[in-house]
Amino acid sequence: MWKDYSAGYIKNNRSSSQSVMIAAFISALLLSLLCGLFYNAWKYEVERIEQEEGGWHSRISGEFTEKDMETVKNFAHVKDAVVNEKESDSAETVLDIYFGDMGSVFSDTPHIAQQIGAAPEKIVYHYELLAMYLIRDSSDTAPRLLFPIFILITLAASFSLIVIIHNSFAVSMNARIHQFGIFSSIGATPKQIRTCLLQEAAALSAIPLILGNLSGIAGSMGLLQMVNVLLGSDIPGRHKSVFGYHPLVLVLTLIVSALTIWISAWLPARKLSKLTPLQAIRNTGELQLKRRKNSHFLSLLFGVEGELAGNALKAQRKALRTSSLSFISAFMAFTVMQCFFALSGISTRETYFERYQGVWDVMVTVKDTDADAFEETERIQGIDGLESAVIYQKAMAKRVITEEEMGEEMKSFGGFSNAPSNYATQVDGGWLVDAPVIILDDNSFLAYCEQIEITPQLHGAVILNQIRDVTNPDFRHPDFMPYIKEPGAGEDAASILRQSGNEQVTAEIPVLAYTEKVPVLREEYATLNYYELVHFIPVSLWMEIGGQIGGAEEDSYIRIQGKENASLEELNMLQDELGQILSGKYTIESENRIQEYETNNKQIQGMMAIFGGFCILLAIIGIGNVFSNTLGFVRQRKREFARYMSVGMTPKELRKMFCTEALVIAGRPVLISLPLVMIAVAYMLKASYLEVEVFMAEAPWLPISLFMLAILGCVALAYYLAWRNVRKISLAEVLRDDTMM
């Protein structure tokens, strides 16, 4: 009987059934899309870690024999063990261990080390890779939140969808309260009623569940391809994402989707089955207000129609909760996202592209090459059409600054008292600070001497003599002051550099000048460590002291500045020419300013498209709820409309009431979201120290307005379709109908 009844009801109430099917489809689609994207994000991150750092799980250093190697390979749970030639040296061998059961890494590795005679401190674990498999150890203090966040978002999405789509089931089920009251009065049990409703939900949701999951898989594949296109798969250091979908992900998605839909249907079914026969029979299906309130604001703006619209919206408050939450979330997320990217774009442009626009056009990294061993300096600097070319390398040294050397202004804000211990360490005679060394080719150093208006010479260093006022947190508008006192006239100035890590090894070099001007390089100084004392020296001087100081980075850099207003094609040609000069002898990586600017814009657009897509999905959920509610409420509100028409309300006035409801549904989320958005934007502006007027001049007014108008248009369309049905109501038929069926 129940099977025939359910089949007949589904067949004869297609609009209500379609609402449930759409809700189930959207639920399955979103969950499948999320699971597919998160799996591929996890897969991409694992691939990135393995490419950059290797796929080893634990690492042991020491002196090992062949027998030790065999012992490790034969240990339980060990899949393989190989010698890492790159990390090993003449003193120690580094052994990378791969486990078949990664859960045993932290328990087995100490036993392995003990068996081969390695000290416990020689053990290193690949925490970042292991964390991607949710394998953690108390010795790892880093948050490693990526994978847990994936799981948390999926659970939050499932909960949100239960809150959102259960309303579609509730609307369909609540329309039949009167009917089930009759069944209950003739002997139907609550369990039978609940079973009937759940089997209807299962029948309606089965096909949408499968189609939604397949659509979600296709959507995640399409989004991944869009990421590759928009984020630039050809960016150096970024490998292309390859779509993957594990069978377990499909099984998990189906289970989570089915569970979400079942809970969404079970909640209203359980509530409905608990009604007594008398309560159910007395229910006419008409929307009722528990306590009537006056809508003063709406009545002031729209008159009687506004008052009636306000009462109708209050009666539909629970039914419209889904759309309200969706619209608030969507509008707030979209607006904050647009403001964030606008603010980020302003900051990037001001602090990077505009700042360095006249500094570099092409940057080349020469791998594993010291500046003093680079032999193509003159050939590169002789290329036609170049304004300048600088070959340089960076090194790290230490320097002791005494109390007498500190500038008076620096002393006024506390000297080194505010310095973290890892940036400035108190030693006998003063404070030990970092002294980065920028090693310029000789020609560029001589040109730098002319830039700061001193006699060009190659036997000394130029010191950047400025320090930021650390008491001023505004990084966008920093205050600078002299770092150390300059020697008086006739006094010889010298700087004693110390080897980083072994400060007893020193090298004394003459100081040619103290300056606040820096060479034209794409470098930032003292941004993280404000207490750095930067030294600029020629490569010929480094050849004399480099053996003592050490600390040089492995790579050298070539900074090229081309013709004024050079085009992308000209910079590409310049890159090709540099490649021809350096290829075969050196391993290089190069980039040009215009291409990097375009790539940056492409990445921002890609991220905005992805985040915007999620915002649109949120809005679609709300719009779907509005359509479901408006197309279904005509039957529920028949008596309400009939009463209005019976007392003389015209179709024009009914239309005005509908327009007011649509305006409130679309406009209220905007009014609720705006204060929250303003707080979020104010916080971002404060954190970035960006002036309000600068942001307001470039605020994303157009996309935000279009998004808001799109929501309003969709809600208006839903109410227009409902209005067409309302016009067809027969007053006599409605007032005569006692069953509301």
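**Surface, cores and strand pairing in the predicted model**

The accessible surface of the protein comes to about 37,500 Å², and 58% of this area belongs to carbon and sulfur atoms, as computed by the Shrake-Rupley method with a 1.4 Å probe. The structure is a predicted model, in which local features need pLDDT of at least 70 and side-chain atom pairs count only at pLDDT 80 or more, while totals for chains, interfaces and linings use all residues. Residues are numbered from 1 along each chain as its sequence is written, and side-chain values use heavy atoms, with hydrogens and water left out.

The protein has 24 helices and 16 strands, which are DSSP runs (helices H or I of at least four residues, strands E of at least two) numbered from the N terminus. Of its 741 residues, 48% count as buried, a term that stands for under 20% relative accessible area with a 1.4 Å probe and protein chains only.

In soluble globular proteins, nonpolar side chains tend to be buried together. A nonpolar core is here a set of buried Ala, Val, Leu, Ile, Met, Phe, Trp, Tyr and Cys residues joined through side-chain atoms within 4.5 Å. The largest such core holds 48 residues, of which Phe695 and Val715 touch the most other members. Two or more residues are given to this core by each of α12 (304–315), α13 (321–353), α19 (593–636), α20 (638–646), α21 (651–688) and α23 (701–726), and the largest share, 12 residues, comes from α21. When residues up to four places away in sequence are not counted, Phe695 touches Cys339, Ala342, Leu343, Ile346, Val681, Leu685 and Leu690, where contact means heavy atoms within 4.5 Å. A second, separate core has 21 residues, including Phe64, Val72, Ala113 and Leu130.

Strand β8 (residues 430–440) is mostly covered, with 11 of its 11 residues buried. Strands are taken to pair if DSSP finds at least two bridges between them. Strand β6 (residues 388–401) runs antiparallel to β8 and is joined to it by 10 bridges, with Leu440 of β8 as the bridge partner of Tyr392. Strand β7 (residues 424–427) also pairs with β8 in the antiparallel sense, over 4 bridges, and Val427 stands opposite Gly430 in β8. Between β7 and β8, which form a hairpin, lie 2 residues, and Gly429 in the turn has a positive phi of about 95°. With strand β14 (residues 535–538), by contrast, β8 pairs in the parallel sense over 4 bridges, and here Val437 stands opposite His535 in β14.

Methods. Buried means under 20% relative accessible area, exposed over 50%, partly exposed in between (1.4 Å probe, protein chains only).
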